[in-house]
Structure formats: C-alpha cells, structure tokens
Amino acid sequence: MRNLHVRGQLDRVFTATTALSIVLLTLVLVAILGPMVYRGSSAVFFQGTVEFRKMQKNLFGRGNEQALNAEVAETDQLRRQVYQMIDGFKKGVDVEALSEQVREIYRQFGQELRDKNVPTGQYTKLRELTRRIRDKLETAFHSQDINEIKRAVAEVLKEADNPHLKGTSAEKFFALARQFLQAAGQIDLSKHQEYAAAVQEVEGILFHSDSLPGLLGPRPGEPPAPLTMLRYGATRWDQAQVLLDRFLWVDQWVQEKPGEPLVLKRRPRAELFPESLRPLFAYVEQNADKMLHPRRTIYWQFLIDDNINSHYFGGIGPEILGTMLITVVGMLFVIPLGIISAAYLVECASDGWTMRIIRMGINTLAGVPSIVFGLFGLAFFVLFLFPALGFEPKPCILAASMTLAVLTLPVMIRASEEAIRSVPASYKEGSLALGASRFHTFVAVTFPAALPGILTGVILSLSRIAGETAPILFTGAVSLGAVPHSVFDPTRTLSYGSYDMAVGDRLAMMVPHNQYGMVVTLVLLILILNGAAIVLRTRVFKKLRGH
Amino acid sequence: MPEEKKEDMPTSVLRDDRKKPNVRTTIVTIDRKETPAQPVGDGCEAAIIRSENFSLYYGSKAGVKNITMDIYPYSVTAIIGPSGCGKSTFLRSINRMNDLIPHVRAEGRLLVDGHDVYEKRTNLVHLRQQVGMVFQKPNPFPKSIFDNVAYGPSLQGVRNKGELQNVVEQSLRAAALWEEVKNDLKKSALALSGGQQQRLCIARALATKPRVLLMDEPCSALDPIATGRIEDLMGQLQRTYTIVIVTHNMQQAARVSERAAFFCLGELIEYDETARIFSNPAQKATEDYVTGRFG
C-alpha cells in the first residue's frame with residue numbers, strides 16, 4: 001500500500017518537473033526573443049518625423065512632394081525662432097566669430113577702396129582709420145570689463161559720422177559695435193569663453209556637429225554636409241527624444257564638498273546659459289513635436305532598401321539577398337554531398353578501420369570551431385583552388401558557400417546516415433528480392449523512406465549556413481559593396497552585417513533599431529526556411545505513413 | 001479474351017507469354033493430386049529446384065549442411081523444423097538473399113531450372129525475378145498500392161502505363177486483393193491491414209512473373225482469419241507457381257503442402273509426402289518433432 005503511494009508521488013513529481021522545465025524553457029525563450037523582436041520590429045514600425053519623409057524623398061524618391069513641401073514650410077516657420085534666438089545670443093558671446101567678422105569687413109573695405117581707385121594718400125589714411133577701428137573692436141570683444149567695452153565702442157562710434165565711411169561697407173563696423181554693446185550688457189562677460197563653447201554644443205545637438213546628426217537638421221542655406229546622415233535631423237521620434245533629452249539636460253561631475261568624491265549630477269542645460277537664452281530650451285521642449293511632426297510610419301522598404309552611410313539610413317535588402325544566395329548555393333553542395341556520403345557509409349562501406357577513422361573524422365569535424373573553417377576556406381578555396389582552376393583568387397559567394405558546406409557537411413552526413421540506417425531492412429530486402437540492384441533499391445525505396453530524417457539534416461544545416469559568420473569572414477562577406485551579380489562576387493550578409501555593426505563603431509548605438517532589425521530579420525529568415533522544410537517533412541512523412 | 005473465372009485469370013494471362021519447356025508442359029497436364037509422391041533423388045527431370053550436397057557457411061559456422069533435395073513444380077513444399085535449424089537459411093539460399101550477410105560461402109550445387117545459382121555468372125537480377133520471395137513480416141514499400149505492385153515490372157523495363165495497369169490488376173487478382181483495393185490504388189500500402197499487406201507483398205512478388213515463390217513464415221505475423229485467406233491463396237497459386245514455404249506451424253504445413261522436409265540442426269532429416277511425414281515418418285526425430293515431443 002505504502003509502496004504504491006510513494007510510487008504515485010514520484011510519478012507526480014516527475015510530471016511536475018518535466019512540466020516546469022518546459023515552462024522555464026518557454027520563459028527563457030520569450031525573455032530572449034521578446035525584447036529582440038520588439039526592438040527589431042522598430043526598424044519597420046516607428047514614429048517617423050518630417051526629416052524621415054524628407055530623407056525618403058531625397059534619397060529614395062518616395063512620397064508626395066507637395067504634401068512634404070507644405071509640411072516643411074510649416075515646421076520651418078517654428079524652427080526660425082530657434083535660429084533667431086541662437087543667433088542673437090551668439091552676437092554677444094562668440095568673440096572669435098565677431099573678430100573674424102570684423103577682420104572680414106576690414107578686408108572688404110580695402111578691396112572697395114582699391115576698386116574705386118581712391119588716391120594713394122586718402123587710401124592710406126582710410127586704411128589706417130579702419131585698422132584702428134578694427135583693433136579697438138577686437139579689444140572690446142575680448143575685454144571682460146563692461147566699462148572698457150563701453151569706452152572702446154564709444155570711440156569707434158565717433159567715427160560713424162565720418163563722410164568717407166558713409167555709404168561704404170565700413171558702416172557694418174558700427175552696426176556690429178552697437179549689437180555687441182547691447183548683447184554684452186546682458187551677460188556675464190567673464191564667462192564669454194564658457195558660453196561660446198556651450199552654445200556650440202547646443203548647435204551641435206540641434207543642427208549637427210562634425211560627425212553627428214542633430215535634432216532639427218542643418219539650418220537652411222547652409223552648404224550641404226559631406227556626410228549624407230548629417231543632412232537630416234532626427235528621422236525617428238525615439239531618436240528625437242534622445243536628442244531632446246541631451247539638449248535639455250546635462251550630466252556633470254560635481255564635487256559637492258571639498259574632499260568628497262566627484263558625483264555625476266544631472267542638471268538642466270539651461271542653467272549653463274544666462275537669462276537671455278533660457279527661453280530657447282522651453283521653446284524647443286514645447287514645440288519639438290510641431291517642429292518634427294512625428295507620424296506613425298511603416299517602413300516595409302527596410303527589407304529591400306540599400307543602406308546609406310553604413311546603415312544610418314536605409315534598409316537591409318542586399319544583406320537579405322546575399323544571405324539567401326549563400327544559403328542556396330551552400331545547400332546545393334551540402335544536400336547531394338551529404339546524402340551520397342551517408343549512403344556510402346551505410347550501404348557500401350565495410351566496417352574496417354579506415355571506415356572507423358573516417359567516421360571519427362566526421363564526428364570531429366562537427367566540433368571544430370567555425371573560425372577554423374573560415375581560415376581553411378581562405379587558404380584552400382580562395383588562395384589555392386581558385387588560382388588552380390584559373391579563377392581570380394578573391395573572396396566570393398562561391399568560396400563562402402563551399403566553406404559553409406564543409407562546415408555543415410558533418411551535420412548533414414550524420415543526420416542522413418541515421419535516417420538511412422533507420423529504414424527497416426525489410427524494405428531493402430523486399431526490393432532486392434524483386435530483382436532490384438542495390439543502387440535502384442537505394443534510389444527507389446531506401447531514399448524516399450529516409451527522406452523525413454534527411455530533411456531534418458537539411459533543416460539543421462540550413463540554419464547553420466544562414467547564420468554562421470566566422471566561416472565567411474575571409475571567404476566572401478563584405479560590409480559594404482555592390483549587390484553581387486554572380487557567385488564570383490563577394491556579398492553582404494545578415495550575419496556578417498550584424499557582426500560588423502556590433503564591432504564597427506558607435507554607429508550601432510545611434511541606430512540600434514537597424515542593428516536589431518538585421519538580427520531579427522536573420523532569425524525570422526531562418527525560421528521561415530525551417531518552417532518550409534518542416535512543412536515539407538510533415539507532408540512527406542504523412543505520405544509515407546499513408547494518411 | 002474470353003470471360004474466365006476469377007481464379008483462372010492469372011493462370012492464363014500471367015503465363016501465356018512464357019515459353020514453357022516441354023518437361024513442364026507434361027507436368028502441368030498431370031493431375032497432381034494423383035501423382036504418387038516421388039522419393040528424393042528420383043525424377044530429376046521434373047524437379048525445378050535441385051539441391052545437391054548444398055552447404056552454406058557463415059564464416060566457419062555452417063548454416064545448412066549437405067542438403068540434397070528436389071522441389072517439384074506446381075506444388076507446395078513445406079520446410080519444417082525447430083528454430084535455428086536452417087530452414088530460412090536454405091530458403092534464402094535459393095534466391096541468394098543470404099548474399100547480404102558478409103562472409104557467406106556456399107558449397108555444393110543448388111540448381112534452379114538447371115542453372116547453378118551460385119555460379120559466378122549467375123544474373124542475380126534475373127534469378128530473383130524468377131524466384132520471388134514473401135517475407136515473414138509484411139514489408140510493403142511506403143508507396144502507393146499501385147507503385148508497390150508495379151515496382152517489379154518497372155524494374156524489368158515496363159514503362160507503358162496501360163501495360164503496368166494490366167499487370168497490377170492481374171497480380172492483385174491473383175493475390176485475391178483486387179476487390180478490396182481496386183478503388184484506392186493510390187492509397188499508401190501502409191494503410192492496409194496486416195493480412196492485406198501480406199497479400200499485397202504476394203501480389204508484388206507475382207508481378208515479376210516468377211516461377212517459384214519462396215515464403216518465409218508468411219503467416220506468423222497474421223491473425224487466424226488473415227492466415228486462412230493466405231492459405232486459400234496458396235491453394236490457388238500452386239496451380240501456376242511452385243511454392244516453397246517455411247513454417248513453424250505444423251497444422252499449416254499439413255494443410256497446404258504436398259511435400260514436407262524436416263530440417264534439424266542444419267541438416268535435412270527427412271523429405272517426403274506431407275501425409276507420410278505426419279502420419280508415418282521414417283525417422284525417429286521427425287516423429288518426435290511432429291508429435292510435439294521435441295522442438
């Protein structure tokens with residue numbers, strides 16, 4: 001009695017354990033795949049801004065031009081305020097820019113005098129005068145004493161009535177001097193340098209810096225930046241929010257009391273500026289969505305577009321194509337070779353020691369690190385076989401596919417071998433007893449009966465071929481380049497692209513949606529290929545079973 | 001073609017394209033039921049399978065030793081004996097199915113239709129088409145019923161669809177399966193019941209138009225009803241084919257065969273008319289076996 005009870009308990013514990021492990025496995029899968037799929041899908045489904053539509057129009061020729069122009073006009077109106085606020089502030093603080101302006105006016109005026117063929121004496125006199133004005137202004141710009149500035153500007157302005165300067169480009173001196181005097185009255189002059197650097201950073205965040213795109217994109221009228229990605233603002237609302245955050249807040253290392261360690265403090269960036277610029281921050285925060293017009297966007301062309309600026313814009317079309325090409329060509333090698341080898345091992349090979357060594361070799365090959373296959377592919381296919389056959393020794397799809405085929409052959413051979421071995425001997429006997437040759441028996445009876453198992457091998461090798469990176473590093477994958485025209489061209493692939501983005505530079509941090517999009521596409525592609533193979537296997541299996 | 005009775009169909013159609021040697025024609029005309037049992041070694045001309053001091057070794061171990069017996073056409077010959085006595089080995093030697101086992105070596109002579117099957121120049125394909133085989137476990141291929149039966153003929157090079165259909169129908173009729181499956185020839189053979197599968201295997205063997213049908217315990221995996229049907233079928237088939245059957249079931253041997261051979265420990269102990277083997281055997285061992293005292 002008691003024994004029976006214990007047995008029942010043990011059975012229940014066993015059931016519970018197995019159920020629990022399955023639940024755990026599911027949870028782990030969901031925990032891994034869920035966030036990945038969520039982030040990857042944001043490459044296609046996201047809030048696209050007006051900058052995105054501008055980019056699509058200019059780079060890919062998509063979208064309604066009239067609607068876009070109306071939208072751009074609307075947003076530009078609101079942006080103008082931002083430009084004005086920044087320009088007004090810069091007049092008072094950017095001494096280097098002001099000095100440069102003054103020097104430019106001085107040069108212009110000299111040219112003007114030469115063009116007018118002014119007599120030599122007067123020319124010398126006027127040059128001397130303007131040089132003095134220039135130097136005075138530069139001194140004023142660099143001064144930190146408001147009284148000194150006032151004195152210098154007053155001295156300059158005395159010359160405003162000089163008839164020789166009236167109506168010439170020298171008048172700009174006086175306009176500049178008045179503006180500066182006004183702006184300088186509102187700010188702490190000792191912080192000139194600090195303000196200049198801070199406003200430059202703000203401009204970098206709002207417009208663009210030398211290497212990073214900004215929130216709103218370049219200002220109208222500015223010469224186009226050499227990098228395409230700098231020519232547009234935040235194309236996605238999530239990107240815009242990151243930039244907005246960087247615009248509104250600043251992280252600083254602060255020592256609160258002497259002797260204590262530094263702590264990272266987050267404070268509003270507005271505090272870095274004098275009162276005169278503070279409205280800018282409130283304005284941008286309030287009007288960001290009106291300046292960018294985020295709108296729900298489905299960018300399915302992600303799957304067919306080529307990329308621009310190493311995946312900053314655009315999609316992964318060539319990568320998908322390359323992955324499929326490499327997979328198909330690889331499978332063309334793996335399937336026949338794998339089945340023939342397995343057939344030989346099962347049907348023809350005797351159990352001698354050579355066979356044992358071959359079998360051991362196959363099993364060992366299955367465990368060799370994939371990078372070793374990559375180097376083997378480079379050394380054997382690219383550098384040895386291709387020149388020997390008269391082809392150019394360069395990495396290409398064919399070499400990559402053959403390397404991947406070598407990598408997956410052990411898997412394919414073992415799966416097929418198992419499948420062929422598990423075909424009942426009675427099928428074979430029946431066929432042989434009807435007078436069939438061994439070859440015919442294999443083709444007509446054993447192979448069809450082993451097909452479901454062989455398809456399992458196909459599924460396993462398919463996943464490996466589509467997903468492997470290391471074997472194609474040196475044999476056929478490139479991170480940039482034209483879409484391949486034949487198997488003798490190298491190609492981009494999803495696996496290599498993911499790797500490249502991950503190790504490349506900070507780009508992946510700026511466009512995580514594209515990186516995740518690529519990875520998720522790879523996973524989905526493998527799932528689809530596997531799904532097709534599984535459906536095929538089920539159908540074959542059903543047909544064999546006679547349902 | 002004139003209307004014929006169902007069981008006569010295969011007789012006429014399956015065999016009318018075959019060139020029969022004179023010897024056999026005479027035998028066909030004899031009413032076998034009245035033919036006196038011929039002692040072993042007599043009537044050499046008539047035997048279709050002759051075994052002369054035939055031995056078969058697996059490596060150094062003998063499977064069968066010094067078998068000398070004649071098997072006569074258009075009859076059912078049963079081979080009985082305890083497990084491991086070499087009955088199946090002998091049966092499989094006739095169409096050389098033992099070749100699949102490594103290190104097999106044959107001695108003596110085994111003639112089918114006057115040709116030594118263990119000669120080097122024996123065409124295995126031809127031999128196996130002449131000597132069909134039905135196995136212990138029904139082993140239809142995982143294909144449709146039609147493809148199963150058409151397997152042999154298409155091996156022989158029959159490509160014509162109509163001709164294939166003809167052969168399939170005749171073979172299935174000969175195996176008494178036609179009426180049950182004629183409407184779903186495209187169905188998988190594995191969907192049939194065990195007895196049907198075994199009859200399908202018989203039909204498959206008949207489709208190559210063999211002269212001899214070897215049956216290796218064909219009913220051991222079947223229930224009594226299916227067994228009964230197969231036994232009835234054998235009764236019909238022996239008019240057209242030579243059947244050699246290995247069986248464990250002595251009642252079956254008594255029911256279906258005209259002659260019976262008793263094997264023990266790889267040797268042929270006694271070979272005689274079935275009636276005599278079961279009622280009045282010459283050897284003590286045989287008597288012990290058939291009366292259930294040993295084996």
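**A chat about the model**

Guide: Helix α8 (residues 194–206) of chain B lies across β6 and β7 (212–216) of chain B, and runs at about 170° to β6(B). Helices (H or I, at least four residues) and strands (E, at least two) are DSSP runs, numbered from the N terminus. Axes are lines fitted to C-alpha atoms, for helices over the stretch in contact, and angles run from 0 to 180 degrees between N-to-C directions.

Visitor: Where do these numbers and letters come from?
Guide: Residues are numbered from 1 along each chain as its sequence is written, while chains are lettered from A and ligands numbered from 1 in the order in which they are written. This is a predicted model: local features need pLDDT of at least 70, side-chain atom pairs count only at pLDDT 80 or more, and totals for chains, interfaces and linings use all residues.

Visitor: How many helices and strands does chain B have?
Guide: Chain B has 12 helices and 10 strands.

Visitor: What's the strand order in the open sheet of 6 strands?
Guide: The order is β6-β7-β8-β3-β9-β10 in chain B, with mixed pairing. Two strands pair if DSSP finds at least two bridges between them. β6 (131–134) and β10 (267–273) of chain B are at the edges with a single partner strand each, so one side of each has no neighbour in the sheet. Neighbouring strands of this sheet are turned by 20° against each other on average, direction ignored.

Visitor: In which sense do β3 and β9 of chain B pair?
Guide: Parallel: β3 (residues 76–80) and β9 (residues 259–264) of chain B pair over 4 bridges. Ala78(B) stands opposite Ala260(B) in β9(B).

Visitor: And the open sheet of 4 strands, what's its order?
Guide: That one goes β2-β1-β4-β5 in chain B, and the pairing is antiparallel. Its edge strands are β2 (61–71) and β5 (115–116) of chain B, each pairing on one side only. Strand β1 (residues 49–58) of chain B is joined by 8 bridges to β4 (residues 104–112) of chain B. Tyr57(B) stands opposite Arg105(B) in β4(B).

Visitor: New topic. How many residues are in the largest nonpolar core?
Guide: It has 141 residues, and Ile79(B) and Val244(B) are among those with the most contacts inside it. Helix α14 (residues 397–421) of chain A gives the largest share of this core, 15 residues. A nonpolar core is a set of buried Ala, Val, Leu, Ile, Met, Phe, Trp, Tyr and Cys residues joined through C-beta atoms within 7 Å.

Visitor: What does Val244(B) touch?
Guide: Not counting residues up to four places away in sequence, the residues touched by Val244(B) include Ile71(B), Thr77(B) and Leu91(B). Contact is when two C-beta atoms, placed from the backbone, lie within 7 Å.

Visitor: Over to chain A. How many residues does helix α5 have?
Guide: Helix α5 (residues 120–142) of chain A has 23 residues. The buried residues of α5(A) include Leu126(A), Ile133(A) and Phe141(A). They pack against α4 (95–115), α6 (146–158) and α7 (171–184) of chain A.

Visitor: Where is Gly481(A)?
Guide: Gly481(A) lies in the loop between α17 (470–473) and α18 (494–504) of chain A.

Visitor: Why does Gly481(A) count as partly exposed?
Guide: Because Gly481(A) has 13 C-beta neighbours inside 10 Å. A residue is buried if 20 or more other C-beta atoms lie within 10 Å of its own, exposed if 12 or fewer, and partly exposed in between, with C-beta atoms placed from the backbone.

Terms used:
The expected span of a helix is 1.5 Å times one less than its number of residues.
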